[in-house]
Amino acid sequence: MKALIVGAGAQGRVILDILRAEARHESIAFVDDNSAMRGRLVNGAAIECGLEEALARPDGIEMIVALGDPDRRLAVAARIAGRGIPLLNAVHPSAVVVSSATLGRGIMIGANAVVNSNARIGDNVNINTAAAVEHDCVIAAGAAVSPGARIGGRVTIGECAFIGSGAILLSRVAIGARTVVGAGAVVTKSLPEQVLALGVPARITERLDANFDWSRVL
């Protein structure tokens, strides 16, 4: 089976290394619509084709979407699934995912991350290096948990929400869809949808909308 990674940026390079560590694919390549990049090597893996070309040859491949913008990630993943192409999970061998946890598809789980008892991880979620997701958490599709974040038990994280590096979410809080929790923040109370929360304890500093520039946090 061949693995294709959509997006050759930082997240794509991380996924490449995870897939190499897993050593379960015959070959790994990148998919990128920038034709000027076609044929180049990124960390030793070729940028092989654009998305439409990849979707036109569904046999013998699995794909994962490595795009930071969560709405784009979900949209591209839906196109892949619509063509009947499996979405693969990239789980680093050093990560701990206990047997009672449930995983969707198209998920990345980085080195030394932990997903604990009865946690439920939705499709196309990113759980980055050394992040901890404790028991009975629910993380919805497209969300991202950055390196070193600590997610307490029974936390709910909404669709396409973003949890910054080193953030701490106390047990039982809920994070609304597309809400951004800043790096190092400590969330002691639930947060609504589409806000930016910073600080210790975390406080809402900004209301977000559909035009939010994800490059501010990625």
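## Basis

Residues are numbered from 1 along each chain as its sequence is written, and side-chain values use heavy atoms, with hydrogens and water left out. Because the model is predicted, local features need pLDDT of at least 70 and side-chain atom pairs count only at pLDDT 80 or more, while totals for chains, interfaces and linings use all residues.

## Helix α1

Helices (H or I, at least four residues) and strands (E, at least two) are DSSP runs, numbered from the N terminus. Helix α1 covers residues 10-22, and its 13 residues should span 18 Å at 1.5 Å a residue; the expected span is 1.5 Å times one less than the number of residues. The end C-alpha atoms of α1 are 19 Å apart, which agrees.

Ala23 follows α1 and has a positive phi, near 55°.

## Aromatic pairs

The whole structure contains two aromatic pairs. In one of them, the ring centres of Phe212 and Trp214 are 5.0 Å apart and the planes stand at 90°, so the pair is edge-to-face. Rings of Phe, Tyr and Trp (its six-membered ring) pair if their centres lie within 6.5 Å; planes under 30 degrees apart count as stacked, over 60 as edge-to-face and the rest as tilted.

Phe212 counts as buried at 12% relative accessibility, and Trp214 counts as buried at 8%. Phe162, Phe212 and Trp214 form one aromatic cluster.

## Salt bridges

There are nine salt bridges in the structure, each a side-chain nitrogen of Lys or Arg within 4 Å of a carboxyl oxygen of Asp or Glu. Among them, Asp71 and Arg178 meet at 2.5 Å, N to O. This pair links distant parts of the chain, 107 residues apart: Asp71 is in helix α3 (residues 70-82), and Arg178 is in the loop between β20 (174-175) and β21 (180-181). Asp71 is partly exposed at 34%, as is Arg178 at 25%.

Glu22 and Arg24 form another salt bridge, with their closest N and O atoms 3.4 Å apart. Arg24 is partly exposed at 41% relative accessibility, and Glu22 is partly exposed at 21%.

Terms used: Buried means under 20% relative accessible area, exposed over 50%, partly exposed in between (1.4 Å probe, protein chains only).
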